[in-house]
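Reader: Can you walk me through the aromatic contacts in this one? Keep it quick.

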Amino acid sequence: MLLLVSCNGRQHTAENAVAEFMAENLSNAKDMKITNFSRLDSTNKVKDSVIVVLRSNAETSGRYKKGMRYAQPSARKMLFIVRVSYKLGEAECSDTYYLDESLEKVVAVKNN
């Protein structure tokens, strides 16, 4: 039972970080309504070059503001992943967020 509580707390921390990032950085954040989060997962396979491309693509997508501030990945390169489904007005959208080990800071976002 302790493991379940611990996992749920981590999930909640990640969801809060993503929701805050979206509220601060979406171009039309006032029109955003989050509909679903995936289960938190992890990876150590994302290279720095991929992070640079993801960040650039997010800024040119039109969904996000220019000049977003991201956390730097840790030296261990372990990132946590959560996918969010949301509505922007009538449009249904989905993005994948990469978070640092604290689960409180976004390292990159991928528009799906």
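Author: What follows covers the ring pairs and their surroundings. This is a predicted model: local features need pLDDT of at least 70, side-chain atom pairs count only at pLDDT 80 or more, and totals for chains, interfaces and linings use all residues. Residues are numbered from 1 along each chain as its sequence is written, and side-chain values use heavy atoms, with hydrogens and water left out.

Reader: How many aromatic pairs are there?

Author: Two. Rings of Phe, Tyr and Trp (its six-membered ring) pair if their centres lie within 6.5 Å; planes under 30 degrees apart are stacked, over 60 edge-to-face, the rest tilted. Phe21 and Tyr70 make a tilted pair, 5.6 Å centre to centre with 35° between the planes.

Reader: Where do those two sit in the chain?

Author: Phe21 is in helix 1 (residues 2-25), and Tyr70 is in the loop between helix 2 (48-60) and strand 3 (79-88). They are 49 residues apart. Helices (H or I, at least four residues) and strands (E, at least two) are DSSP runs, numbered from the N terminus.

Reader: And the other pair?

Author: Phe21 and Tyr97 pair edge-to-face, at 5.8 Å centre to centre and 80° between the planes. Tyr97 is in strand 4 (residues 91-99), 76 residues from Phe21.

Reader: New topic. Is Tyr97 buried or exposed?

Author: Buried, at 0% relative accessible area. Buried means under 20%, exposed over 50%, partly exposed in between (1.4 Å probe, protein chains only). Phe21 is buried at 7%, and Tyr70 is buried at 15%.

Reader: What do the ring pairs link into a cluster?

Author: Phe21, Tyr70 and Tyr97.
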